[in-house]
Amino acid sequence: MRREEDGVAPINFMWHLVWDFRWDLFKGLLTAITVSIVALILSMVIGMLFALARMSRFKVLSIFAIIYVNIFRGIPALVTVIWVYFGWSLLFGHNFTVFQSGVIALTLLYSSFFCEIFRSALQAIHKGQREAGMALGISRGRIFRSIMLPQATKIAIPNIGSMYIGMIKDTSTFAIIGLVEVVRVTQNLNSTYFQPFVLYTAAAGLYVAIAFLIDFIFRNVELNLAYPPQGRIAKFLSRKKKKKIEELMRSTR
Amino acid sequence: MTNSEILMELSGVRKTFGTIEVLHGIDLQITKGSHAVIFGPSGSGKSTVLRCMNLLEEPDVGSIKFMGNEYGPGSGHKGEAPRGKPIELRRKVGMVFQQFNLFPHLSAINNLALPYRAVRGGTLSEAQERAAHELNKVGLLKFAANYPSQLSGGQQQRVAIARALSLDPELMLFDEPTSALDPELVGEVLGVMRDLAESGMTMVVVTHEMNFAREIGDLNIFMEAGNIVATGGSDFFENCTNQRAQEFIGSVL
């Protein structure tokens, strides 16, 4: 209501826009989640490979991993996605779709973080675990798969959760290449209605809601991976195995 | 021992960590069915000798002969017998660690079943059946479904012994198996080891439990500063003539 005579528009929060365009925002969120989940899976696999390279006896591999990690931990997401989307096309004449570019950029960035997460998790396992496996005559590959990997995964879970929240947030920078995620939807709406405060606050609310959800999921995963498993899901899944062991306990003399 | 078939023979074993040589040429013969006890002050190289016996530490110089095969670096001369792979030796030599080194992410029964499957193949059911049988022998069948964190130290060590035994070893190595246990839990572990000794298993035990050593040891080895200083049969504790060994026995007993 103030100073209308100077031509300044009255403050008018159009919160109803958030409800009116809820499906657009929701679709944007879905895109952000899809891109980040695909990238999460890829960067965990690649990150594990880099972690192994980093700890390798072969100097060349470990130096390569160190260089990779430090480059991609240092580059902002915005720059990476511009490289992938525009740079790749300029240099090699091949165009990635915006979706592909987003996934590739996130994977490049976050595999470097996952490399460090998995390395520290593997190194946190007591060396007696590997020695016990070796003393029993288990092969190196099997020791890694059945003894090291399960324990490292459990140690890494809280960090993976934090990383994933970061990945979702970084999808917001992909608005610049036209990926229709939350921020891009918000930008589009804003250019029509000019309600930046309302629209961007709504966008922030979505990110926070997702952060709570991810935290909830990962806390549950952690619980279910505890030794012995604490969560309902693990208890449900292991009830058959437990029955079998109980049967064996009765039948063995 | 009436049966004098030599199961394992160490000749000229030297081991260096960094610039410090911790074993200065160890010669040792373990006959089948014998119970060797290695004792001596800390830092004397007892555990390192034991760890060389299953090649968890690869000697820098010297040879380890086990069941007719040569292991270790050898002399490097032409015409020397080919060296066996460590994994083949380890599959016939069981080891029990001071810190138990059970796999914390697996129940007691699967602590046995996983290595059994990894080494022998077969189905999980077969492996678990064998595991239940071995757990029963150490009196822990009713804890088959428990995780290591739900067992006492003594119980954990008994599971670790059962785990090694489930692979039918020809030789069992014990690396201070009771040193990490509360005093009242030592007895149950020694009990299992006593039964094992009586069953005719060949054993090499590094221990500070001198009464136990006196009871089962038919080859007693006193080590100091990387050398075997004195050896003797079951009358070693009464009739030992080496002054350092006498002093040590006197101070521990």
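In strand β10 of chain B, B:Asn227 is the bridge partner of B:Glu224. Strand β9(B), residues 219-224, pairs with β10(B) in the antiparallel sense over five bridges, where two strands count as paired if DSSP finds at least two bridges between them, and where strands are DSSP runs of E of at least two residues and helices runs of H or I of at least four, numbered from the N terminus. The model is predicted, so that local features need pLDDT of at least 70, side-chain atom pairs count only at pLDDT 80 or more, and totals for chains, interfaces and linings use all residues. Residues are numbered from 1 along each chain as its sequence is written, while chains are lettered from A and ligands numbered from 1 in the order in which they are written.

Both strands belong to an open sheet of six strands in chain B, with mixed pairing and the order β6-β7-β8-β3-β9-β10. Because β6 (93-96) and β10 (227-232) of chain B stand at the edges with a single partner strand each, one side of each is left without a neighbour in the sheet.

In chain A, helix α5 (residues 98-124) has 27 residues and reaches 38 Å from its first C-alpha to its last, close to the 39 Å expected, the expected span being 1.5 Å times one less than the number of residues. Of the 27 residues of α5(A), 20 are buried, that is, with 20 or more other C-beta atoms, placed from the backbone, within 10 Å of their own.

Between the chains, 23 residues of chain A are in contact with 30 residues of chain B, contact requiring C-beta atoms, placed from the backbone, within 7 Å. To the side of chain A that touches chain B, α6(A) gives the most, with six residues.

Conventions:
Buried ≥ 20, exposed ≤ 12 C-beta atoms within 10 Å, placed from the backbone. Contact = placed C-beta atoms within 7 Å.
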